[in-house]
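Here are my notes on the model you sent over. Please read them with the structure open.

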Amino acid sequence: MTDTTIPVTTRKDWTSDQEVRWCPGCGDYSILAALQMLLPDLGVRRENTVFVSGIGCAARLPYYMSTYGMHSIHGRAPAVATGLAVTRPDLDVWVITGDGDALSIGGNHLIHALRRNVNMTILLFNNQIYGLTKGQYSPTSEQGKVTKSTPFGSLDTPFNPVSLALGAEATFVARTHDMDRKHMQEMFRRAHDHKGTGFVEIYQNCNVFNDGAFERITGRDVRADNLIPLVHGEPIRFGSEQQYGVVMGPDGRLRIAEVAEVGEEALLLHDERRDEPGLAFQLSRLARGPFEPTPIGVFRDVDRPEYGEAMNRQLLEANERRGPGDLATLLGSGGTWTVEG
Amino acid sequence: MSTATHHETTELDRVVIRFAGDSGDGMQLTGSQFTAVSSLFGNDTATLPDFPAEIRAPAGTLAGVSAFQVHISDHDILTPGDAPNVLVAMNPAALRANVAAVPAGGTLIVNVDAFDDRAFEKAGYAANPLTDGSLASFKVYEVPMTSLTMEVAKEAGVKPRDAERSKNFFALGLVSWLYSRPVEPTLQWIEKRFATAAMVLDANTRAFKAGYNFGETAELFESHYQVRPAVQEPGVYTNVTGNTALAWGLIAAAHQAHLPLFLGSYPITPASDILHELSKHKHFGVRTLQAEDEIAGVGAAIGAAFGGSLGVTTTSGPGIDLKSEAVGMAVSLELPLLVIDIQRGGPSTGLPTKTEQSDLLHAMFGRHGEAPVPIVAPMTPSHCFEVAMEAVRIAVKYRTPVFVLSDGYLANGAEPWRLPDPDALPDLHVEFAAEPNHTDADGTPVFWPYLRDEQTLARPWAVPGTPGLEHRIGGLEKADGSGNISYDPVNHENMVHLRARKVAGIAADIPLLEVDDTGGLGSAPVLVLGWGSTYGAIAAGVRRVRARGLAVAHAHLVHLNPFPRNLGDVVRAYDRVLVPEANLGQLVKLVRAEFLVDATGLSKVQGVPFRAAEIEEAVLGMLGPETRTTEAAEDVAS
């Protein structure tokens with residue numbers, strides 16, 4: 001009998017011998033640490049774990065993990081990971097991506113991975129800037145952003161990654177930030193354990209090209225009044241004194257209200273299992289940007305058949321129906337005739 | 001069906017028939033079935049489907065004409081025929097679009113019901129071509145196919161509007177009678193094909209029989225024809241198109257390599273049929289992913305290859321452009337990958353349904369950086385099977401992407417194929433890395449993903465799930481051996497050379513180029529050097545030159561990168577080298593650059609294959625003007 005016990009590991013076992021080369025002070029360090037510290041607790045094996053990335057600062061992460069990994073090409077990691085995940089359902093496949101990689105050059109692959117619900121965990125490091133190319137605006141940069149490529153301000157309306165994922169039929173969508181290891185780990189764990197594609201947006205600080213982009217909501221002093229934790233089955237409530245909550249107005253719109261004014265029973269109950277994604281979508285757009293109270297946590301966690309499993313079931317069913325493939329039968333399937341000697 | 005006949009039967013050794021009609025008229029189906037029944041009868045066959053890119057261009061217009069040419073013979077043939085002896089035209093547009101291809105004295109069978117003023121106008125005829133004398137040099141048979149079909153289809157109970165749609169079966173019946181084809185196989189095929197639509201089945205059967213009986217009973221045709229079975233090598237045969245043979249070759253190769261087959265593909269003409277075919281064979285463990293785009297198709301194939309599958313992507317020109325970056329990544333990752341390009345007319349969208357060989361230089365050089373990729377090209381539809389297996393052999397043995405350059409002509413063309421014995425197929429088994437291959441400075445066993453096999457220079461293929469071999473690969477330059485990221489200048493140069501040497505070294509592992517020169521290597525004054533789908537036309541053109549009593553040599557490349565190691569000796573053995581290609585001279589550039597020989601290109605970019613006569617003419621031109629006066633053989637099979 002083979003040994004099925006998962007070996008006990010520590011962070012060190014998941015850390016490669018390669019020097020980490022992000023800028024000192026980069027938010028990526030805390031995400032990497034959160035991940036390396038979480039993996040020993042996930043009940044998985046190193047040899048069955050694969051990190052796939054595209055291009056960008058975040059995309060260097062696979063080199064720092066002592067697992068299998070592929071640093072692929074810009075934007076294509078979800079496509080590469082799809083091929084790997086559907087052919088190797090025994091593996092734990094993670095996609096490490098950034099706002100440019102996932103939402104600009106690779107937008108197509110991201111939305112299709114989400115709608116297919118391929119078994120993989122996508123961690124999107126959102127720093128609202130292009131770091132590796134030294135500071136151009138990204139598809140999540142706020143409109144009017146002055147950068148090297150937009151000296152008169154950017155014109156584009158930014159993407160909201162959580163809204164986009166919800167619109168792309170994602171089955172698991174969460175948001176976290178690089179200042180809270182415990183919350184990150186909780187989101188990563190839930191995304192990993194989810195059957196299908198787990199999508200996590202991580203607000204990540206780029207201290208060189210976009211320093212403080214999330215400070216107004218994630219800073220230690222302001223966090224309590226500006227991050228709205230979503231907890232399944234609980235009223236949506238936040239604030240240093242839990243004095244605020246989210247309510248739905250008579251027009252169907254969500255707004256922030258003082259609990260003292262509206263009463264606790266008026267608060268919206270968070271239901272991440274809700275099949276209809278409309279409310280999650282509204283929540284994802286409660287803040288106009290990371291400068292006013294912003295929900296974090298799991299927006300949506302629903303069950304839908306996983307793509308690779310469905311694909312592999314078709315193979316099994318074909319095998320049961322027709323028996324294992326036989327080359328002679330295949331070659332003769334178009335009708336044959338015999339020329340006698 | 002009546003068996004009495006008062007018609008003469010004339011023996012022919014071969015005939016070329018072209019069926020032409022509106023795209024909605026079922027000409028491809030009619031032609032395919034005529035081919036199938038002829039193959040079954042024992043003729044050698046070769047086909048050339050020719051259809052517009054538009055699914056249903058306006059009916060009755062030249063743009064909407066769809067044609068299918070088939071060459072049937074009592075001996076071995078190499079091409080679908082230079083010119084049709086018989087043209088079946090379902091309407092004036094079909095006649096106008098195709099009549100120029102029919103030599104004087106040829107036979108035209110027209111559906112006279114479709115010849116009215118409105119149809120003339122749509123087809124661009126100023127007057128009725130049947131009466132204005134313009135067809136005087138042809139034998140014209142006017143057959144009221146639509147009305148006769150509607151008559152019998154009505155009996156099947158179909159609505160008049162639908163009844164008309166069976167007229168291609170009337171045409172099939174008539175031509176089947178004219179060439180003495182057995183009727184049973186076609187009747188059985190109709191029964192199978194339309195099993196779920198009883199009324200349509202009945203209408204088509206009646207139309208087919210009516211067409212057959214029309215030939216038999218109408219006093220129109222003075223004789224009918226017999227093309228006897230060809231003498232073929234004993235064995236079991238099937239009729240196969242290039243795309244089907246390619247799909248089957250991939251399945252067979254995966255089977256022989258003990259690897260699960262994974263196809264990542266985005267639909268594109270003329271490659272989609274490979275995706276369709278492979279998606280049917282899940283019981284072989286074949287996984288197909290219709291990806292969101294061309295890049296995802298190849299990306300997923302690379303991901304699958306990393307996981308230990310045989311990763312394949314299929315496409316045509318525009319898709320090849322899009323996949324280029326990912327193919328370059330596969331060069332850097334050194335993972336097995338098949339990139340199958342069913343070439344079509346370009347640039348850009350070009351001619352989606354027409355054939356061309358113009359992606360050779362793209363396959364060779366179409367990536368940034370020094371990114372060599374082996375290239376193989378099939379010669380005939382059935383050869384696609386063998387070439388698919390050869391491409392897989394190279395890919396898995398050398399851990400490299402491999403290009404397969406087929407084209408629209410091979411993809412849709414069909415020919416009889418003597419089935420190989422599955423037990424005799426080559427073993428393509430490949431070993432995954434199972435244990436560390438290096439020792440650290442402190443004596444710890446470690447795995448180095450870029451420590452190469454000394455002979456093949458291939459790196460180990462270590463798949464996730466193997467304990468102790470965890471490693472990271474990527475598009476960044478890697479240190480030789482350890483595979484860690486390296487920006488070291490000398491290491492980069494070394495890696496560029498290693499990747500080039502690995503691909504170049506495959507030359508030692510492929511067959512020498514064979515030369516067909518009756519008097520031995522170098523004895524003919526001219527060598528015709530071809531690659532890919534020009535094989536049939538070149539071989540037939542060479543036959544025609546030889547039938548004049550002149551000497552000419554022919555060699556055909558299957559491996560285009562690297563070249564067979566004797567190619568230099570072969571081209572240098574001849575005073576003149578002619579390189580016919582369906583492009584502006586891509587192989588000829590490579591040959592001239594590589595071997596410094598004065599090879600001459602012959603190019604044709606009309607979306608149709610070379611004709612044997614064009615090759616013959618070009619060879620005669622090279623042999624000298626006096627050779628043109630040698631006596632052409634009466635009827636050399638092409």
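1. **Ground rules.** Helices (H or I, at least four residues) and strands (E, at least two) are DSSP runs, numbered from the N terminus. This is a predicted model: local features need pLDDT of at least 70, side-chain atom pairs count only at pLDDT 80 or more, and totals for chains, interfaces and linings use all residues. Residues are numbered from 1 along each chain as its sequence is written, while chains are lettered from A and ligands numbered from 1 in the order in which they are written.

2. **Confidence.** The model scores ipTM 0.97 and pTM 0.94. pLDDT is the predictor's confidence in each residue, from 0 to 100. Chain B averages 95, and 98% of its residues score at least 70. Residues 1-5 of chain B are the stretch to treat with care: their pLDDT is below 50. Beyond near neighbours in sequence, this stretch has eight contacts in the model. A contact here means that the C-beta atoms of two residues, placed from the backbone, lie within 7 Å. Where pLDDT is low, the predicted coordinates should not be read in detail.

3. **Chain A.** Chain A has 12 helices and 14 strands. Its C-alpha atoms fill a box of roughly 95 × 50 × 50 Å along the principal axes. Of its 341 residues, 47% are buried. Buried means that 20 or more other C-beta atoms lie within 10 Å of the residue's own; exposed means 12 or fewer, and partly exposed is in between, with C-beta atoms placed from the backbone. Among contacts in chain A between residues at least 6 apart in sequence, 66% join residues at least 24 apart.

4. **Chain B overall.** Chain B holds 20 helices and 25 strands. Its radius of gyration is 27 Å, close to the 26 Å that the globule rule gives for 638 residues, so chain B is as compact as a globular protein of that length. The radius is taken over C-alpha atoms, and the rule is 2.2 Å times the number of residues to the power 0.38. The C-alpha trace spans about 95 × 60 × 45 Å along its principal axes. Buried residues make up 55% of the chain. Of the contacts in chain B with a separation of 6 or more, 76% come from residues 24 or more positions apart.

5. **The six-stranded sheet.** Chain B has an open sheet in the order β3-β4-β2-β5-β6-β7, with mixed pairing. Two strands pair if DSSP finds at least two bridges between them. The edges are β3 (44-50) and β7 (139-143) of chain B, each pairing on one side only. Neighbouring strands of this sheet are turned by 15° against each other on average, direction ignored. Axes are lines fitted to C-alpha atoms, for helices over the stretch in contact, and angles run from 0 to 180 degrees between N-to-C directions.

6. **Strand β2(B).** Which way does β2(B) pair with β4(B), parallel or antiparallel? The pairing is antiparallel, over nine bridges. One of the bridge pairs is D22(B) with V65(B) in β4(B). With β5 (residues 86-89) of chain B, β2 (residues 14-22) runs parallel, joined by four bridges. Within that pairing, F19(B) partners V88(B) and A20(B) partners A89(B). Eight of the nine residues of β2(B) are buried. Helix α1 (residues 27-41) of chain B lies across β2, β3 and β4 (65-73), at about 10° to β4(B).

7. In the model, 59 residues of chain B are in contact with 52 residues of chain A. Helix α11(B) supplies the largest share of chain B's side, nine residues.

8. **V373(B).** This residue sits in the loop between α13 (360-365) and β14 (375-376) of chain B. V373(B) is buried, with 22 other C-beta atoms within 10 Å. Not counting residues up to four places away in sequence, V373(B) touches several residues, among them V327(B), V331(B), F403(B) and N561(B).
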